[in-house]
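These are my notebook entries on a structure that I examined one contact at a time. I began with a single helix pair and then moved on to the rest.

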Amino acid sequence: MSEPTPPREPPTVAALFWGFASIGVIGFGGVLPWARRMMVEQRRWLTPAEFTDLLGLCQFLPGPNIVNLSVALGSRFRGIPGAAAALVGLISLPMVIVMALGAVYAAWSDHPVVARGAEGLAAAASGLVVATALKIASPLRGQWLGIGIALLVIAAIALLRLPLVPTMLAMAPLSILLHAWTRRA
Amino acid sequence: MSDGAGGTALELAGVFGQLSLVSIGGINTVLPELQRQVVDRHGWMTEGDFAALFALAQAAPGPNMLVSTLIGWHVAGLAGALAATAALVGPCAVLTWLVAGAWHRFRDRPWRLLVQAGLMPVTAGLVVAAAIVLSEATALSAGHALLTATAAVLLTATRLHPLWVLGAGATLGAAGLL
């Protein structure tokens with residue numbers, strides 16, 4: 001898909017900073033669900049297909065997906081200043097928060113109400129991650145080859161607990177070859 | 001060259017900088033090696049401290065790679081926190097900047113479209129698999145599992161703000177209802 005680009009105003013450097021700052025601060029249980037919500041559903045910086053494409057690239061590069069996503073998106077719209085704004089926006093406030101939490105952690109982590117609340121929060125956050133995963137996978141609807149490959153990857157990682165990097169290095173070329181082959185046929 | 005608890009910001013930068021460009025898939029991929037460096041090689045903290053800091057980074061808002069901030073802070077204060085985080089993030093940010101530019105420039109080339117079509121189902125599979133593994137880890141009881149399933153359905157089928165669902169989960173847990 002070569003982006004049937006609807007005429008969108010590219011976000012400013014400040015908008016990139018604040019957009020990523022907003023998801024960094026509320027990103028309990030991982031930032032990816034909030035990133036997709038902000039970029040695709042709220043600010044419409046990317047279409048669902050563009051988001052999944054960019055995420056795919058970022059997964060294959062070293063580093064946290066969400067950090068790579070901020071750099072890739074920021075630089076696409078506003079070059080190096082955009083990339084820096086998105087990255088700093090994403091991690092600066094959470095760094096302050098995590099250090100503050102670290103400072104009070106020792107005092108409160110043993111408290112049963114706090115521990116049980118954190119477990120409930122984590123279980124709900126898992127539900128959010130599942131819902132986001134289904135949205136990210138939804139462009140596969142009706143593509144039998146893609147669905148088959150996704151199921152193989154799920155079986156390898158979630159069922160067989162194979163390590164991530166070898167699985168990626170095996171499945172990506174296989175998937176590209178199969179797609180090339182079915183297009184030719 | 002284990003030097004006890006006296007780790008410096010520079011040494012932290014060395015440890016995290018080495019791991020940056022091999023962390024394909026994120027911080028979880030290099031977690032065992034990070035633990036080996038921080039606990040066994042440098043003796044900066046115990047295994048228990050390391051596990052607690054990682055759990056804290058997961059529970060806090062923001063990317064899980066902020067465990068680097070916590071470890072740096074624990075070892076060498078604010079300078080350590082900044083050095084560890086910058087060393088982890090910097091190299092992969094530069095690489096992403098280089099590759100993402102080329103990826104966008106070639107977006108209409110046939111080979112690029114083919115690679116994109118091939119990567120898409122792998123990406124989707126990885127994200128779904130990660131969601132399954134995470135859900136298993138947080139399903140401490142049938143109640144927790146039911147909460148995860150309910151949250152997933154609500155957030156797929158409705159436009160409910162996710163913070164309501166997370167708040168409800170924390171409240172139910174704190175009240176001992178799970």
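Entry 1. Helix pair in chain B.
I worked from a predicted model throughout. I first listed the residues at the contact of H3(B) with H4(B): Asp49(B), Phe50(B), Leu53(B), Phe54(B), Leu56(B) and Ala57(B) in H3(B) meet Val67(B), Leu70(B), Ile71(B) and His74(B) in H4(B). Sorted by class, this contact has eight nonpolar residues, one polar and one charged. I then looked up the geometry. Helix H3 of chain B covers residues 47-59 and helix H4 of chain B covers residues 67-105. Their axes come within 8 Å and cross at roughly 135°. H3(B) and H4(B) are therefore oblique to each other. I recorded the crossing of H3(B) past H4(B) as right-handed.

Entry 2. Chain A overall.
I counted seven helices and zero strands in chain A. Read from the N terminus, the order of elements is α-α-α-α-α-α-α. The C-alpha trace of chain A spans about 65 × 45 × 25 Å along its principal axes.

Entry 3. Helix pair in chain A.
I next took helix H6 of chain A (residues 144-159) and helix H7 of chain A (residues 164-184), which pack at an angle of about 165° with their axes 11 Å apart. Angles over 145 degrees count as roughly antiparallel, and H6(A) and H7(A) are therefore roughly antiparallel to each other. Their crossing is right-handed. On the H6(A) side I found Trp144(A), Leu145(A), Ile149(A), Leu152(A), Val153(A), Ala156(A) and Ile157(A) in the contact. On the H7(A) side I found Leu164(A), Thr167(A), Met171(A), Ser175(A), Leu178(A), His179(A) and Thr182(A). The contact of H6(A) with H7(A) comprises 10 nonpolar and four polar residues, with no charged residues.

Entry 4. Interface of the two chains.
How many residues of chain A are in contact with chain B? I noted 85 residues of chain A in contact with 84 residues of chain B. The area buried between the chains is about 7400 Å², and carbon and sulfur atoms give 78% of that area. Within chain A, Pro62(A), Val98(A) and Met99(A) lose the most area to chain B, together 8% of what that side buries.

I then examined helix H3 of chain A (residues 48-60) against helix H5 of chain B (residues 110-138), and noted a packing angle of about 80° with the axes 8 Å apart. That makes H3(A) roughly perpendicular to H5(B). H3(A) contributes Thr52(A), Asp53(A), Leu55(A), Gly56(A), Gln59(A) and Phe60(A) to the contact. H5(B) contributes Arg112(B), Gln116(B), Leu119(B), Met120(B), Val122(B), Thr123(B), Leu126(B) and Val127(B). By class I recorded seven nonpolar, five polar and two charged residues for the contact of H3(A) with H5(B).

Entry 5. Salt bridges.
I found a count of two salt bridges between chain A and chain B. I looked up the pair Arg112(B) and Asp53(A), whose side chains meet in a salt bridge at 3.3 Å, N to O.

Definitions and conventions:
Residues are numbered from 1 along each chain as its sequence is written. Chains are lettered from A and ligands numbered from 1 in the order in which they are written. This is a predicted model: local features need pLDDT of at least 70, side-chain atom pairs count only at pLDDT 80 or more; totals for chains, interfaces and linings use all residues. Side-chain values use heavy atoms; hydrogens and water are left out. Axes are lines fitted to C-alpha atoms, for helices over the stretch in contact, and angles run from 0 to 180 degrees between N-to-C directions. Helices (H or I, at least four residues) and strands (E, at least two) are DSSP runs, numbered from the N terminus. Angles under 35 degrees count as roughly parallel, over 145 as roughly antiparallel, 65 to 115 as roughly perpendicular and the rest as oblique. A crossing is left-handed if the near helix is turned anticlockwise from the far one by less than a right angle, and right-handed if clockwise. Contact means heavy atoms within 4.5 Å. Ala, Val, Leu, Ile, Met, Phe, Trp, Tyr, Cys and Pro count as nonpolar, Asp, Glu, Lys and Arg as charged, and the others, Gly among them, as polar. Buried area is the accessible area (1.4 Å probe) that two parts lose on being put together, summed over both. A salt bridge is a side-chain nitrogen of Lys or Arg within 4 Å of a carboxyl oxygen of Asp or Glu.
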